[in-house]
2 protein chains.
Amino acid sequence: MGITRRKAMTIAGVGVAGIAGAAAGATAVLAADSEPTVPVSAASGAVPFHGDHQAGIITPAQDRLHFVAFDVVTKDRDRLVSMLQDWTAAAARMTQGQDAGTIGAVNGIPEAPPDDTGEALDLPPAGLTLTVGFGPTLFRDASGVDRFGIADKRPAALADLPKFPADALQPEISGGDLCVQACANDPQVAVHAIRNLARIGMGVVSVRWSQLGFGRTSSTSRDQVTPRNLFGFKDGTANLKAEDTALLDEHLWVRAGDGASWMDGGSYLVARKIRMTIETWDRTSLGEQEEIVGRAKGTGAPLGQQDEFDELDFTLKGPDGEPAIGEVAHVKLAHHSQNGGARILRRGYNFVDGSDGLGRLNAGLFFISFQRDAHKQFVPIQLQLARHDVMNEYIRHVSSALFACPPGVEDGGDYWGRALFG
Amino acid sequence: MGITRRKAMTIAGVGVAGIAGAAAGATAVLAADSEPTVPVSAASGAVPFHGDHQAGIITPAQDRLHFVAFDVVTKDRDRLVSMLQDWTAAAARMTQGQDAGTIGAVNGIPEAPPDDTGEALDLPPAGLTLTVGFGPTLFRDASGVDRFGIADKRPAALADLPKFPADALQPEISGGDLCVQACANDPQVAVHAIRNLARIGMGVVSVRWSQLGFGRTSSTSRDQVTPRNLFGFKDGTANLKAEDTALLDEHLWVRAGDGASWMDGGSYLVARKIRMTIETWDRTSLGEQEEIVGRAKGTGAPLGQQDEFDELDFTLKGPDGEPAIGEVAHVKLAHHSQNGGARILRRGYNFVDGSDGLGRLNAGLFFISFQRDAHKQFVPIQLQLARHDVMNEYIRHVSSALFACPPGVEDGGDYWGRALFG
C-alpha cells in the first residue's frame, strides 16, 4: 500500500505511557522538529494496550471521546469471533500510533480498498485507548434466543438496568450488543479508531449509535487537574482514582467468585446520556447553583470548607445553624456514606450535539461509570439522585446502556472475548 | 462574584499571538508550573481581538470549531444593537482568556445569575477567535419586510445562493440572521464562548442551529501542516494563505467600491454541511480514490508529481498517455484556472454527529469558505463540482448558509455592526 501511519511521535526524553508517564510528560520539552501550529502536547504519547485490565478505565482520563455501540448483524458465531480477533489486532496497532493494519483476505490486492482510512496518518498516538464491552443482548435477544451459544455465560450483573424515575430514554441511542470506548487527546485519532473498527466489522456489526465527547468531566488519577462540566462546576473531585488500589479492588474490578469467571479482572460500564438544559441553569443564581451541587463553584470546595479536596463533612453547620451541605445536595446524595458504601469510577465527557430545534444548544454530559457490579453500585446511587436531586430540574437522562468489559488481553494470540468465546 | 476566568496562561518567553507568534510558539518550552495531564500546547495563547479585519479568517486555522447561527427574535432595533455591543465586549474579553464579563443590568445583584457560566474558568485562551456575520434575512424577512431599517444597506453580494444540482438542504440547519464562528484549540473554550453569547443574547436571539467540528480541514498559513479530511486526504494544500497578501486583497477582502461600504474590509462566509458516506468511500480502491481527488493519498502530491506543494500541472501525461490528473478530478474542477480565476479561502472542519440510524456514522465536512463575493467565487466553483465531480457519489450537501462578515472592530467604543447600524 505504501501508506503507513507514522510511528509514535517522539517527545524528547520522555516516555509518555500509563499514569506515571502522563504526569511526567506535562513538563516535557517539545521536540525541536515538532511541526508548527499543530497542537503538540505531552498527551500525544502511547498508552500500552496489553495488560491485566483493559486500558481506558483507570488510564488518566483523556480529553476526547468517541463512544460507539454496535448491533451484531450476523448469526454466525465464527464470523463474530473472527472479527473480535481482527479488532484486537487493529486496536493493538492503532493505540500505538500505527495504521489499522492488514485485516482479512482482501488486502494486498491492487483493486482492494486501503488497509487504513488515512485521516490519522500524520498524527501521534495521542493517548488513544480502546475499551470493549459486551451488552446483555449479545447473550440473548429480546425473544430470549441464545444467539451465539453464550447465554449460560451471561453474568447476573449484566441484567438490564431498572427504569429510574423521570427516565426519558430513547431506545435508538440506548443499549447495543457491543461497545467500544475510544478515548484520546485528539478527537481525530479517536474517530479514526472507531471508524476503522466499524470498517473491519462490516457485515458483522452495524453502528447502532455513537457519541462524541469533547471535555473529560472527571479525573481518574491524582496527577490530573479536576475539569469542569457544562454546569461550570469542577467534576470528579471525589472520584475513584487509579492510585487507590485497595478501593479499586473493592469497587472497580470483578474478582473470582463474583459470577461468570470470564469477567474476572473486568469491569461493568454504564453509559447515560444526560441532556442539560444549560439555558435554565445559567439563569439560576450562583448561591442556588452551589446549594444544589453542595460545592463552591470557583474552588470546588465542599460548602463550609476551604479546599477542593477537603473530605465532605455533612455535620458542619452554616451561619444559620443549618447544615452547610443540604440534605439533598448532589454531592451528599451521591456520596458512598448515603449509599451503603457504593462507589464508582466516573469517566464521562461533555457534549454539544448541535441545537434542539427550540432555540437551545443540545448540550449535556455523556456519563460513563465503571464498577464491579452496576446493580450494587450505580443503581442505588442513581435511585437516590433520581428521587431527590434538585438538579433533576435541569437534566434529563435520554439514553442508557450497560456493558460487561472483559479483562485485558495478553500479548500474543489473546483477543477481546477469548474467555467468553474460546 | 469572586469568580474570574484566569488570565492568559503564561508560556515562558513566548508571545503567542497572530501568525508569527503561533508559528514561533510551536517550539516553546512548556512553563514549569503547567498542570499535569491537561494538554498544554503552544496553541494555548491569545489571538488579538481588535484589528482592521476580524480574527478567525486568516488566523492560522485552529483545530476545533463551534459554529452557531441565530434567529433574531426581537423586533426592537435598539435591543439588537445593544446586544451586538454586549457581544463585542464579551468577545473581546473571552478571546483574551477572561470571563464573559459583566453584561446588562442584572449583574452584581446577589440573586442574579453568575456573569459567566464557568466551564472555562481554568482554561487558557486556546487561540479563541470569534467571527460574526449577518445573514440575508436580517435585512429583509421572507415576506420582504425591512425588519430593522437596514434593508437598503443589504449588499448585492448577500443575495441568496442558488440551488445547486443534487443539493439536499435541510432548512432547519440552513440560513440564519446572524452567525458566530468560534474557533479554538480547545473545544471547551469554543463551546463556552458560543454558550455565553447565546446567554447574553437571551430574548434577542435564539439558537437556530449549531455545529461542532473537531479537526481543521485546511491550512490558512504556510507555517501550518496540511491536515486531512475524513476521506483520508490532505486538504487545503492549495488554499489561499495569510502570507499571500496580494491574493487576499484580490479574492478575500471586500474593498471600497464593491458595494455596501459598511462591508469594506470584511468578507463573505459560506457554510455548507457536507455529509460523507465514508463507509462507501472506504470500500473504494486507493487508485480510484486518488483518481477522484487528483492527488496521492500519502504525500498529497498532484498525480504525476512528487511533492505536496508542486503546482498542479494539468498538461502532464501518465504512462498510458492520458492526463495524469483527469478532466473531472476534484482538484482540477475546483482550480482557479477552470473557474475564471476564482479563488476562495477555505476554513472547514471534520464532524461526526453520532450515527444516521442506518448503521453508519453521520460524518462529513463542515465546509466554510471566505471570499470577497461568494457569487463570483464560491458559486462558479461549486457549480463545476456539483455538475462534474465523481466525488458526488460519496457526498451530499445537507445545509447551506451565507453571511456578510463586517470588518474588524477598533479598540474603544467600536462594536460588531457599527457601520451597519450606527
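**A threonine and its surroundings**

Guide: The side chain of T131(B) reaches the backbone oxygen of A55(B) at 2.6 Å. This is a predicted model, in which local features need pLDDT of at least 70 and side-chain atom pairs count only at pLDDT 80 or more, while totals for chains, interfaces and linings use all residues; side-chain values use heavy atoms, with hydrogens and water left out. Residues are numbered from 1 along each chain as its sequence is written, and chains are lettered from A and ligands numbered from 1 in the order in which they are written.

T131(B) belongs to strand β2 (residues 129–134) of chain B. Helices (H or I, at least four residues) and strands (E, at least two) are DSSP runs, numbered from the N terminus. T131(B) counts as buried because its relative accessibility is 0%; buried means under 20% relative accessible area, exposed over 50%, and partly exposed in between, with a 1.4 Å probe and protein chains only. Not counting residues up to four places away in sequence, T131(B) touches Q54(B), A55(B), G56(B), I57(B), C179(B), V180(B) and Q181(B), where contact means heavy atoms within 4.5 Å.

Some of these names return around an arginine. Among the contacts of R347(B), leaving aside its neighbours within four places in sequence, are G56(B), I57(B) and Q181(B); the list also includes T59(B), P60(B), Q62(B), C183(B), S218(B) and F370(B). R347(B) is found in the loop between β7 (345–346) and β8 (349–355) of chain B. The side chain of R347(B) reaches the backbone oxygen of I57(B) at 3.0 Å. Another partner is Q62(B), whose side chain makes a polar contact with that of R347(B) at 3.0 Å. A polar contact is a pair of N or O atoms within 3.5 Å; within protein, one must be able to donate a hydrogen and the other to accept it, and residues adjacent in sequence count only if both atoms are side-chain atoms.

What of the charge on this arginine? R347(B) is buried yet has no salt bridge, and the nearest side chain of opposite charge, D63(B), is 9.8 Å away. Here Lys and Arg count as positive and Asp and Glu as negative, whereas His and the chain ends are not counted. A salt bridge is a side-chain nitrogen of Lys or Arg within 4 Å of a carboxyl oxygen of Asp or Glu.

Elsewhere, such pairs do occur: the structure holds 38 salt bridges over all chains. In chain B, D258(B) forms one with R372(B), the closest N and O atoms being 2.7 Å apart. This pair links distant parts of the chain, 114 residues apart: D258(B) sits in the loop between α5 (245–251) and β6 (267–276), and R372(B) in the loop between β9 (361–371) and α9 (378–388) of chain B. D258(B) counts as partly exposed because its relative accessibility is 37%.

In chain A, the side chains of R346(A) and D235(A) meet in a salt bridge (2.8 Å, N to O). R346(A) lies in strand β7 (residues 345–346) and D235(A) in the loop between β5 (215–216) and α5 (245–251) of chain A, so the pair ties together parts that are 111 residues apart in sequence. R346(A) is partly exposed, at 23% relative accessibility, and D235(A) is buried, at a relative accessible area of 12%. A further salt bridge joins the side chains of R275(A) and D356(A) (3.0 Å, N to O). R275(A) is in strand β6 (residues 267–276) of chain A and D356(A) in the loop between β8 (349–355) and β9 (361–371), so that this pair, 81 residues apart, links distant parts of the chain. R275(A) counts as buried because its relative accessibility is 6%.

Among contacts in chain A between residues at least 6 apart in sequence, 75% join residues at least 24 apart.

Lastly, two alanines deserve mention for their backbone. A126(A), which is not a glycine, has a positive phi of about 55°; A126(A) is found in the loop between α2 (77–94) and β2 (129–134) of chain A and is buried, at 3% relative accessibility. A166(B) has a positive phi near 70°, again in a residue other than glycine. A166(B) lies in the loop between α3 (136–139) and β3 (178–184) of chain B, and A166(B) counts as exposed because its relative accessibility is 69%.
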